[in-house]
Structures are given as C-alpha cells and as structure tokens.
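Thanks for coming, everyone. I have one model to walk through today. Please bring it up on your screens.

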Amino acid sequence: MAMDAFSKSLMADKREIIIAPTIYKFADFGEFAEQFQLGERDVVLTNEFIYKPFMEKYGLKCHYVFQEKFGVGEPSEAMIETMYETIPYDSYDRVIAIGGGAIMDLCKLLGCKRPSSVHELYFKREPIVHEKEVIAIPTTCGTGSECTNISVAIVKDEKDGVLTGGETKLGLVSDDIIPNKVCLIPDLLKTLPYKPFASSAIDALIHATESYLSPHRKTITSELFSVKAMEMILKGFVQIGEHGPDARLDYLDEYVTASLYAGIAFLKAGCATVHGMSFPLGGTYHVPHGESNYALFGKILEIYDEKDPDGELMHFKQLVGSILGCEAKDAIPALNALLEKVLPLKPLREYGFKESDIKDFPVSVMAN
Ligand SMILES: NC(=O)c1ccc[n+]([C@@H]2O[C@H](COP(=O)([O-])OP(=O)(O)OC[C@H]3O[C@@H](n4cnc5c(N)ncnc54)[C@H](O)[C@@H]3O)[C@@H](O)[C@H]2O)c1
Ligand SMILES: [Fe+2]
C-alpha cells in the first residue's frame, strides 16, 4: 500500500513516536477563542449542552453546528451524509471539534475533501484527501481520538461488494486525518456527567495498559506515555475510591492530559484483546465504547495472569502495585476492586449478551 505524505516524512525523520498535532492547554474556551482568533470562516462542531454554558456568552461569529442535529450516538453513514449537507464544504476554512470521541471523529471527516459517498470512503474505494485545518478539543477523557489517525463509524455492511442488509463498525485509518492541533481545556469537562466520565477514563486506562502490554509494538517512548497515563489515572481513581465521585472535579486537568498521553501511546503500540473483544459487544448490543471495554478488561487481565504471571505482565503488576500500595501479586485483584468502586461492573447478561455469544463473538473477532 502506498504510504501517505505525512507517514513518509516521519519515516524520513526516523522519529520514535508520532505526536503529529501541536498541543496547547487553555484555562477556558474564551482564552482559546482569543488565541486562535475564531471567526466567520470557522465551523465549530459541538453539542448544544456544551455550547450553552461555555461558548454562548462570547457571542463569536463562528459557525456553531450541533451534532445532535444529525442524530445521537456514534457516527453512522446517514449521520455523516446529513452533516455533509448541513455544512457545505466551501463554507469554512477551519474545523473545530469540541466534544467527545464521536465529535472528534466527525470533524476528522470535515477536514477532508468530500467523497462521492461515505460508504465508498469507508470501504476504501476513494482516497482520503486532507485539506482543512482541524483543531480537536476533547470534552471527555477517554478515546484519545484528538491525536489518533482513525475515524470510526457504523456503516452498511457488505460482502464481496454486495450490501448484506446489516451494519458494521469500521475505522477509517490514515495518518492524514490526525488533527493539526489539540487544545486541552479541562474546564469543559466540568459538565461531563459522572458515568460517561468514569467509562471514558477507564477507556483511557485500558489504552495505556494495552499499549504497555504490547511487547512487539511498543517502543521506548510509547512506554513512557503509557506509564505516565496509568499513574495519573490510577491516582485519580484512588481519590474517587476514598472520597467519592466529586473528587474528580479537582483533577480534570490530569484526566484530560492522561487520556491524551494514553492516545499517543496506543497510536504507536496499538490496542489488544480488550478492544478487539469489545467490538462485537459494542456493535451488537450498542454498549458505549468505554463501557464495553470495561466489561472485559478485568477478566482478561486475570486470564493473562493465569497464563504467564511472570512475563511482561509482572512489570505491569509491579507498577500498579506501587501506585495502589500493594504487592505485585495482589495488583490485579486490587485494581479490579478499585475499578468496581469507580464504576460498578454490570454482568454481561444485562447488556443482552447470550450464552451463544460466548462461541460466536470470538469467531467474529478473529474474522474482523
Ligand atoms: N478515533 C479514535 O481514535 C477513537 C477511539 C475510540 C473510540 N472512538 C469513538 O469515540 C466515540 C466514543 O467517544 P466518547 O467515549 O468520548 O463518547 P461520546 O463522544 O459519545 O460522549 C459521551 C457522552 O458524553 C456527552 N458529553 C461529552 N462531553 C460532555 C461535556 N463536557 N458535558 C456534558 N456531556 C458531555 C456526549 O454528548 C455523550 O452523550 C465512539 O463513537 C467511538 O467509536 C474513536
Ligand atoms: Fe478505547
């Protein structure tokens, strides 16, 4: 496969790790808007409930569009087509994404030339051509999408070029869609309700863990980002375990920074079994991304521990033990007990999971 221009330039530099966007941090939206001189040729994709408390008061001339106009939940083919119709390509020069992973992923597409159809784009029959600057501002602390090279959508499934009538979740991958700039504004997370906060922070912890436990793909620098992200998130979780959900409010800067670090780590080292196994669960039963990963995380760590307790996992257990104040051998049960305090784990059957899925899901994971 031909390498895109950005990847080529990185290979030429022989960089250890890709951190493509320039990263900024601001105290609030106003400070960001002033620094970036937001104006008429900027389109800001966000949610109305984020716009109202944080942006409305500045009365800026930029073009605000609310994601809920196109439908709720994760991006779908229909949602993206409606977004394209609502926001004509020649009406803006810059794209500003202010929201969760779904909004980040939609804005990556707004930065690219319009394809003849979303379906053709996701099935890689049309090239991705990035043309407009994308500024990503996450308001959850999980996906790391602000720095990744992937945009995920639920699209009509096809087999041998024929639509099957079903749907599938696909990631459009290209280094060209990594946002140009990332701005961290911890203030914007103040309104994030506790449950999406907790499931997104656990998602970030899983990114850091899976990239750390990836002996073949991790590099000396991706490991640094994984370790720092795990330390920051677990320290925050200990606070929540001791003082309750409101303890997160004084620590939002650390959470949003840690989720970016975890995104940087997994961009290099990739994710593993937990993310792989969570796709059929999320796709079949519409379980939100962070929650579907969490449903599998603890059990998968226990299985790793049964299989090879002294391998790569030992370093992970030592690290977790040192943060949680326990011995390495007790680190995985202690971690699972802490996560249970942060977000009580639901049994799989409560999501609709059936006994037959135990056989069918692994087959789908291996196939896809
Ligand atoms: N591109 C990538 O690298 C990547 C990686 C993982 C997941 N994803 C995608 O990201 C999406 C999941 O992202 P997410 O976990 O951030 O969830 P999300 O974008 O669906 O947001 C979670 C919920 O929180 C609300 N919300 C977000 N910020 C808020 C705020 N500040 N105040 C109040 N409410 C707020 C949202 O409206 C939504 O209801 C999925 O579509 C998934 O496929 C992308
Ligand atoms: Fe994830």
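How much area do domain 1 and domain 2 bury between them? About 2,100 Å², and 69% of it is on carbon and sulfur atoms. Buried area here is the accessible area, with a 1.4 Å probe, that two parts lose on being put together, summed over both.

Some ground rules. This is a predicted model, where local features need pLDDT of at least 70, side-chain atom pairs count only at pLDDT 80 or more, and totals for chains, interfaces and linings use all residues. Residues are numbered from 1 along each chain as its sequence is written, chains are lettered from A and ligands numbered from 1 in the order in which they are written, and side-chain values use heavy atoms, with hydrogens and water left out.

Back to the domains. The assignment gives domain 1 as 5–186 and domain 2 as 194–367. Such bounds come from an automatic or database domain assignment. The C-alpha centres of the two domains lie 25 Å apart. Across the interface, 22 residues of domain 1 are in contact with 25 residues of domain 2. Contact means heavy atoms within 4.5 Å.

Now the sheet. Six strands make an open sheet, with parallel pairing, in the order β1-β8-β5-β4-β2-β3. Helices (H or I, at least four residues) and strands (E, at least two) are DSSP runs, numbered from the N terminus. Two strands pair if DSSP finds at least two bridges between them. Which strands stand at the edges? They are β1 (22–25) and β3 (63–66). Each has a single partner strand, so one side of each is left without a neighbour in the sheet. From one strand to the next, the twist averages 20 degrees. For angles, axes are lines fitted to C-alpha atoms, for helices over the stretch in contact, and the angles run from 0 to 180 degrees between N-to-C directions.

Look at β2, residues 42–46. With β4 (residues 94–99), β2 pairs in the parallel sense over four bridges. D42 has R94 as its bridge partner in β4, and V43 has V95. Four bridges also join β2 to β3, again running parallel. There, the bridge partner of V43 is H63.

Is β2 enclosed or open? Five of its five residues are buried, so β2 is largely enclosed by the rest of the structure. Buried means under 20% relative accessible area, exposed over 50%, and partly exposed in between (1.4 Å probe, protein chains only). In a regular strand, side chains alternate between the two faces of the sheet. In β2, both faces are covered: D42, V44 and T46 are buried on one side, V43 and L45 on the other.

Next, the cores. A nonpolar core is a set of buried Ala, Val, Leu, Ile, Met, Phe, Trp, Tyr and Cys residues joined through side-chain atoms within 4.5 Å. The largest one has 53 residues. F197, L205, F237, Y255, F316 and L335 touch the most other members. Elements giving two or more residues to this core include β8 (181–184), α7 (194–212) and α8 (220–243). Helix α7 supplies the largest share, 10 residues. At least three residues come from each of domain 1 and domain 2. Take F316. Beyond four places in sequence, F316 touches T209, Y212, L213, M230, L301 and L335. Another core lies apart, with 30 residues, among them L45, I80, A97 and V118.

D305 is in helix α11. At 18% relative accessibility, D305 counts as buried. Leaving aside neighbours within four places in sequence, D305 is in contact with L313, K317 and I332.

S145 sits in the loop between β5 (133–138) and β6 (150–159). S145 is buried, at 4% relative accessibility. Outside four places in sequence, the residues that S145 touches include G101, M104, D105 and P179.

Buried or exposed: what about D250? Exposed, with a relative accessible area of 74%. D250 lies in the loop between α8 and α9.

S222, in helix α8, is buried at 0% relative accessibility.
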